[in-house]
Amino acid sequence: MTNQITKGIKVSVSTKYKGTNYRNNRLHHIFGYVITIENKSTETVKLTDRFWTIFDTLYNTEIVSGEGVVGQTPTLKPNDTYTYSSGCFLESNMGAMKGFYTMINLDTFEQFKVIIPTFQLTTLATLN
């Protein structure tokens, strides 16, 4: 599991290889990930946007950005935890993801970025 704390917001990531599938007549490796966001600060925050950079070892890079995560813009009071699952497709059997969430402090209305730590996406065969 990979962890990062930014301004009292802890982001933890775990990954799982889910096999292969064909997309657009090309073989892709499917990776799932679970992200847990913990508000360890003393203020209430709301996740408004996400920004991802997805790399694979075939030198493909994909940028994904947009409102919220999995269709939600969660509000976290102090000590609240929010967990969600998502995934991505890579043509390579190895890659990585990193990014950030844009959040707003609902007490001060300050917007800030919370770092999503770089995490590896690797097939089981690659690990052996």
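Modeller: Accessible areas come from the Shrake-Rupley method with a 1.4 Å probe, and for residues only the protein chains shown count as cover. By that method the protein exposes about 7,300 Å², and carbon and sulfur atoms supply 48% of this area. This is a predicted model, in which local features need pLDDT of at least 70 and side-chain atom pairs count only at pLDDT 80 or more, while totals for chains, interfaces and linings use all residues. Residues are numbered from 1 along each chain as its sequence is written, and side-chain values use heavy atoms, with hydrogens and water left out.

Biologist: Which elements are in the protein, and what makes a run count as one?

Modeller: There are 9 strands and 1 helix.

Biologist: What makes β1 and β7 the edge strands of the open sheet?

Modeller: The sheet of 4 strands has the order β1-β2-β3-β7, with antiparallel pairing. Both β1 (2-6) and β7 (81-90) pair on one side only. Pairing here requires at least two bridges found by DSSP; β3 (residues 26-39) and β7 are joined by 10 bridges, so they pass that cut-off. In this pairing, V34 stands opposite S85 in β7.

Biologist: Why is N93 called partly exposed?

Modeller: Buried means under 20% relative accessible area and exposed over 50%, with partly exposed in between (1.4 Å probe, protein chains only). N93 has 31%, so it is partly exposed. Its place is in the loop between β7 and β8 (94-105). Of the 128 residues of the protein, 40% count as buried.

Biologist: What makes a set of residues a nonpolar core, and which members touch the most others?

Modeller: The set holds buried Ala, Val, Leu, Ile, Met, Phe, Trp, Tyr and Cys residues joined through side-chain atoms within 4.5 Å. The largest core has 25 residues, and I35, I37, W52, Y101 and M103 touch the most other members. Elements giving two or more residues to this core include β2 (9-23) and β9 (111-122); the largest share, 5 residues, comes from β9.
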